[in-house]
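Subject: Handing over the model

Hello,

Please take over this structure from me. The model comes first, and my notes follow.

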Amino acid sequence: MTLQLVLIAAAALFCVGLYGALSQQVVVMVMMGLELMLNGVILAAAAFWWFLAPTPDGQVLLLVVIAAMTVEMAMGFAVATLLHRSRGSDMTDSATDLSG
Amino acid sequence: MSAAAVNAIGVTSLWLLVGLPALGGIALCITGQRANRMAVPVSLGTAGVTVVSAFVVAFSRPAVEVPFLAGAPFGLAVDGLSAMIVPTVAVVTLAVLVFSAAEGTEAPARFHGLMLIFAAAVAVTATATTLPALLFAWEIMGAMSYALIGFRWREDFRVTAGLTAFITTRTGDLGLYIAAGAALAGGAGLGLANLAAAPSPWRDLIAAGILMAAFGKAAQLPFSFWLSRAMEGPSPVSALLHSAAMVAMGGYLLLRLAPLLEITGWAGPTAAWVGAVTALLLGAVAVAQRDLKQLLAASTAAQLGFVVLAAGIGSVAGGTAHLIAHASTKALLFLAAGAWLSALGTKQLSALRGAAHRWPLVGVTFAVGALSLAGVVPLSLWATKDEVLAGALEASPLLYVVGLAAAALSAAYAGKALVMVWRRPLSNARDEYDTEQPGTRHVGGWERIPLVVLAAGAALSGVLALPPVGNWLRGELGAQSDARPGLLELAGSAVLALLVLGLVAWKRMPQLSWAENWLGLEQATRVLVVTPVLSLSERLACFDDAVLDRGIHAVAREVVRGTRGLARFDDRGLDAAVTATARAGVRAASVAGAADTSGVDAAVEAAARTARLLGSAARRPQTGRLHQYYAQITVVLAVAVVLLLVVR
Amino acid sequence: MLSTIVFSVLAVIALASGIAVFRVDSMARATYALAVSFVAVGALLLMFDLDYIGVITILMMVMEMAIMAIYMIMFMGMNPALMPMSMVHNKRWSAILAVGTFLLLAGGALLVPWPARSGSPATDLTASLGEAIMGSKMLVMLTVSPILFATIVAALVLANPRGRYDRWGDDLQRARPDDPQQGGLGK
Amino acid sequence: MTDAAGTNPAWALLAPVVLGLLALAAAALNGILVARAEGRTLRSGAAAPVFEVARLMRQRRRTTVAADVLLWRIGCSGLVVVALLKTAVIPVGPWVLADIPVAIVWFNAMDVMVWAVVWLIGWGANSAYSLIGGYRFLAQAVSYELPLMFALVTPAVAAHSLRVSDVIAAQQELWFIVWMPVAFVVFCLSVVAFSSWGPFATAASGDIAGGILTEVSGVDRLLILAGRYALLTTGAAFAVALFLGGGAGPLLPDWLWTLVKTLLLLAAFVVVRHRLPEVRPDRLAEVAWMIVLPVVLLQTLIVSIVVAVRG
């Protein structure tokens, strides 16, 4: 188990999530893609921490990532609920109000 | 019990003394109307515990210190001086709260809450060992006094009275900030005990600031007038704030810092003379008053003049004894006045004629207080005042004479009030009742208890200035060397008091019309400070209107005139030339127009077309589609990373 | 050696279930596949001695996915186990971008000369994390907590269809709120 | 990661057996209470669980249309697995499988697993009543989880450690139940709730034809029922470790005391089912969030202050 190996695994997780976030039409599925990307970030951060500088501070970054995930989830669900209630659909394609 | 246990109990009591009323008061104030039913039990319970802890700390003498500001901790300690003051204030607070609970007020939660917060602030002031702690409590005290004087805020004049008191004392408070700043600059530290050690120019500044703050709070000249306005507050408020607590804290501060005043050389005599003059002039003011509470207020300022005089000449024991004796005496008198005010609806002396007959207990206790105030043997203020005057005699005979005259005046105004309330009532007395508020014609049993307790204090606390107890007090305060009154002086002042009393009872008092309006201090302040500031700003506004504005208008007018002349010249001379030129111009213009259309205009239009194209290209990425944004972010980040790698 | 094997197994599980999220037809399966991916990563964190963070990751993510499943079913409004679905767009470009990113990241991971390890982990990592949070990194947590609070408020405001005027009447004077579903306290 | 001091290979085999026996005892007690209520002989009630096991082992599985079999099976077997994983961190006298330093968080993570497992049971059958049962459980879980977390944190704060053995050691002088009674009660109620038991059994209640149990049969049903008793048992054992001093007690050896206390608490849990009415999850939510959560937070605050003051 080396740093490179773990990072490649993390990158793979990240890119699978990226694929999902880019290709899915349903908001909740897009959120799952984002979660998967953050999953890769957690793994990479843990690997950097363990292999490069195992100080206490590094763990705080992991906690922050987990907090970011919860914030993402909560806001995502809230927006999805609002979207679903007002449009009857939760497709990202139908929410293009910001198009230029 | 071990020393550690005693210390622990002492420290706990000190925190209770300071913290419990603060917490209780804040809780009551926050809960507001909903706590009305709880207010009285909470307030009396808190005040009771406070009294117990005040006595505990008076005996155990704890000291605590917690970090507050960098280099300036929040220190509280009980030493000999505060051990005397703290129980006095606590007992008076309890008595006043019992009285006002029995009397009943509107919004009891707010009233008792404010009173409790005020009591906590006083406790902190009396035990503070550092300037930050003192300032903190001093400010709260001022704010609470504002809130309490303006307690019945629906009536405008009461709120204005609160504001007057607040702003006047605040003006004095600036002195405390000056003192704190000077202490920081002087580098001797912010501990109260360290102030005297500050280097010379700073030390003088500190002393000046302290004097200013103390004069403001203690209603000494020239700040005295706020106390008159403060009488608009409820009577219990006057009884606490304007006898035992707030004004007393001004005197207390000077007593505490007497070494500082002494070491500067000039501050001590200044304080002494200001105190003596206040005692004399405000005594005369008191004599002139027709309103009982106004009389008492002026007398408060005058009596605190004795305390300030004591502090100025370094007679700490005398000043302390006078402060304590005056606290219980004056609280008693204010409560009695308050009882009459709520029962008869008036506080005009003429209307109160014979009020003592109606409620003999109130009358008797009032008489005890008034006689004590007059300095009649063996009541309290007689002895304490003489101890102060003994110090004054040592310092300067002239000071002594002024003090003695002030003492005679105090006998005069006390006698005036006393004689009036004990006279036979007139048959048409009823007509003058209820002029200020509807009276209840009733003084309850619970309202009498605090009167009796305070009357006992007013009668007996004179022992603090007499040999056995007095010596002990001197020991506690470390003031063994203070001057003691000789037998001749004691007897002399007693005789003087009796003489003046007799004179007052026998003859009608002369009406000192020049002093009736508090020496016109408030008007003087208005004339000397408020009006100049207002008129200065008005002048500035006028200057702006008259000079700057007019200047601009004049310039504009000149410009218009000049233009008209130029126009005339233009019509006659230039116009012809211009017409000729224009003709040539038109010809040239058609040539230029052709060049413009084919050359410049085309270029501009091309640029516009390009910009439009770029604009619509820039809008294309803004699809509003989430996934396309994600894709763009990914690409841009990737490009950025690659760029970073390549450039580096 | 053993650690490499364990790591590989867990990494493959994490990756495979991550891919499964976007391959399976059932919403429930997709959600729980993501949960499995997270549990595998949590277990990987345990391999780095990050006991607390690892277990917390598992705890949080299983909880999140249980909730996520409800939203999935709620919004899709059907049982996709009965009708396979494909709700994707832009599949090709997504794949190209994802693979490109992977190549970039993997290339970076392999080519960057990583520095040597500096320092060693504390004996009690959980305690050291607590000290970091309450000590040198307190500011981070002080920032995170208002953000979380703001998130709670904002999410409620966005998602709650009924405001207080719906519940307590136009003058807010109603004694009991008018709720479609009464709570246990009647508030 | 594992502390070698308390690990004993034999215990790894013995622990599931002990768990099974305790769960069986709970089931027998429940049988007795049911029999008494129905007027049958107590002996028939005590034996009922054994007969039920035999019956369910032989029963053929019922299937439903378009069931999500994979997830259903995972759900059905999940409860027992979660209970066993919880057992791993519970010390019984000198023995413990894994005395990990974050055991309390581990326990908490495992009871979050129950969320997923119960919902999967409800989802897998593709039946409306089952799914409603699953949703009911999640609604209830959202109510009990936060109070449970703070109830778990409280002993950890007092012991300065998330390790169960440290928590037991910290109770040498005074059992935590004495000065954190609120946390204890909340923890016990949460145990009952995450086991879908007694007043909190709305997920499997009769008004929705058995809820999550509607469609399960045979071994699946056996595993679910056994899993519920096993969860109750591990919950009781964990409460003993966290609040009741672990194995502390006179005369008897540690492990026996642990078992005795666990049995008593377990019996209390079983009895609760027959004494209290069911609580609707929608009613529970407000009570849990507006009363129980502040109260248990206050408990944690008090304990934290005591710990901070004692240093």
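Start with a helix pair in chain B. Helix 12 of chain B passes helix 18 of chain B in a left-handed crossing. Left-handed here means that the near helix is turned anticlockwise from the far one by less than a right angle; clockwise would be right-handed. Helix 12 covers residues 267–288 of chain B and helix 18 covers residues 397–422 of chain B. They pack at an angle of about 25°, with their axes 8 Å apart. Axes are lines fitted to C-alpha atoms, for helices over the stretch in contact, and angles run from 0 to 180 degrees between N-to-C directions. That angle makes helix 12 of chain B roughly parallel to helix 18 of chain B. The cut-offs: under 35 degrees is roughly parallel, over 145 roughly antiparallel, 65 to 115 roughly perpendicular, and the rest oblique.

On the helix 12 side of this contact, the residues include Ala272(B), Gly283(B) and Val287(B). Those of helix 18 include Leu399(B), Tyr413(B) and Lys416(B). Contact means C-beta atoms, placed from the backbone, within 7 Å. By class, this contact has 14 nonpolar, 3 polar and 1 charged residues. Nonpolar covers Ala, Val, Leu, Ile, Met, Phe, Trp, Tyr, Cys and Pro; charged covers Asp, Glu, Lys and Arg; the others, Gly among them, are polar.

Before you go on, two notes on conventions. This is a predicted model: local features need pLDDT of at least 70, side-chain atom pairs count only at pLDDT 80 or more, and totals for chains, interfaces and linings use all residues. Residues are numbered from 1 along each chain as its sequence is written, while chains are lettered from A and ligands numbered from 1 in the order in which they are written.

A second pair in chain B is helix 14 (residues 316–344) with helix 16 (residues 360–374). The angle is about 140° and the axes are 9 Å apart. This crossing is left-handed as well. The contact has 8 nonpolar, 4 polar and no charged residues.

Helix 14 of chain B also holds Ala327(B). Is Ala327(B) buried or exposed? Ala327(B) counts as buried because it has 27 C-beta neighbours inside 10 Å. Buried takes 20 or more other C-beta atoms within 10 Å, exposed 12 or fewer, and partly exposed lies in between, with C-beta atoms placed from the backbone. Its contacts include Thr88(B), Ser243(B) and Ala248(B).

Chain A has 3 helices and 0 strands. Helices (H or I, at least four residues) and strands (E, at least two) are DSSP runs, numbered from the N terminus. Of its 100 residues, 57% are buried. An unreviewed UniProt entry lists residues 33–53 and 60–83 of chain A as "transmembrane region". Residues 33–53 of chain A are 90% helix, with end C-alpha atoms 29 Å apart. Residues 60–83 of chain A are 100% helix, with end C-alpha atoms 34 Å apart.

Over to you.

Definitions and conventions:
UniProt positions are given in the numbering used here, feature names are shortened, and annotations may be inferred rather than shown by experiment. Two residues are in contact if their C-beta atoms, placed from the backbone, lie within 7 Å. Lists of a residue's contacts leave out its neighbours within four places in sequence.
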